[in-house]
Amino acid sequence: MTLVDERTMAAPAHVCFRVAADVEIWPQILPHYRWTRFHHKEGFGTGRIEMSAWRHFAGPLRYPTWWGSDMHVNDAEPAIYFTHVDGITTHMHVKWSFLERSRTTTEVRITHAWDGPRWPIIGRFAWERVIGPHFVSVIAQRTLAGIAAEAERRVRNTSSSQEAQHA
């Protein structure tokens with residue numbers, strides 16, 4: 001099964017890509033992220049990473065999620081790829097894609113492809129009815145909103161800085 005979450009961001013694709021690929025800053029810009037840690041890093045956005053986020057429920061209720069991934073970036077596409085190697089979502093394939101709609105607008109799409117946990121009988125059902133829509137997609141939507149806010153903030157700061165230099 002494949003889940004797709006997307007958001008249009010008011011920033012160029014290269015800015016959105018850079019913010020999204022810089023997973024080490026996610027806990028500072030995304031309040032629902034508990035941590036991100038590279039266990040093995042081969043360069044920007046590439047290596048084995050461990051991540052943890054909160055899945056918020058009503059009021060103060062929240063549930064900690066955790067997974068490990070092999071991550072790599074492709075600057076030419078641009079795209080970010082994750083293959084989950086640890087946690088309940090082991091074997092999930094994730095792709096972040098960035099489609100520039102104009103010089104200032106980008107459609108960012110996260111695609112999660114997975115058949116569910118390898119649990120006899122209920123694995124696929126658990127993925128389609130609980131894990132996918134109520135954990136993966138909810139966290140992805142919050143992540144997209146936070147990446148958009150940071151990318152758009154960077155564009156505003158760059159524009160303000162350039163305007164001040166020309167004044």
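A salt bridge is defined here as a side-chain nitrogen of Lys or Arg within 4 Å of a carboxyl oxygen of Asp or Glu. By this criterion, the structure contains ten salt bridges. The model is predicted, so that local features need pLDDT of at least 70 and side-chain atom pairs count only at pLDDT 80 or more, while totals for chains, interfaces and linings use all residues. Residues are numbered from 1 along each chain as its sequence is written, and side-chain values use heavy atoms, with hydrogens and water left out.

One of the salt bridges joins Arg 109 and Glu 6, at 2.8 Å from N to O. Because Arg 109 lies in strand 7 and Glu 6 in strand 1 (residues 2–9), this pair ties together parts 103 residues apart in sequence; helices (H or I, at least four residues) and strands (E, at least two) are DSSP runs, numbered from the N terminus. Both residues also belong to a salt-bridge network with Arg 101 and Glu 107.

A further salt bridge connects Glu 24 and Lys 41 (2.6 Å, N to O). This pair links distant parts of the chain, with Glu 24 in the loop between helix 1 (13–21) and helix 2 (26–29) and Lys 41 in strand 2 (residues 33–43), 17 residues apart.

Asp 115 and Arg 124 likewise form a salt bridge, at 3.4 Å from N to O. Asp 115 is exposed, its relative accessible area being 54%, whereas Arg 124 is partly exposed at 41%; buried means under 20% relative accessible area, exposed over 50%, and partly exposed in between (1.4 Å probe, protein chains only).
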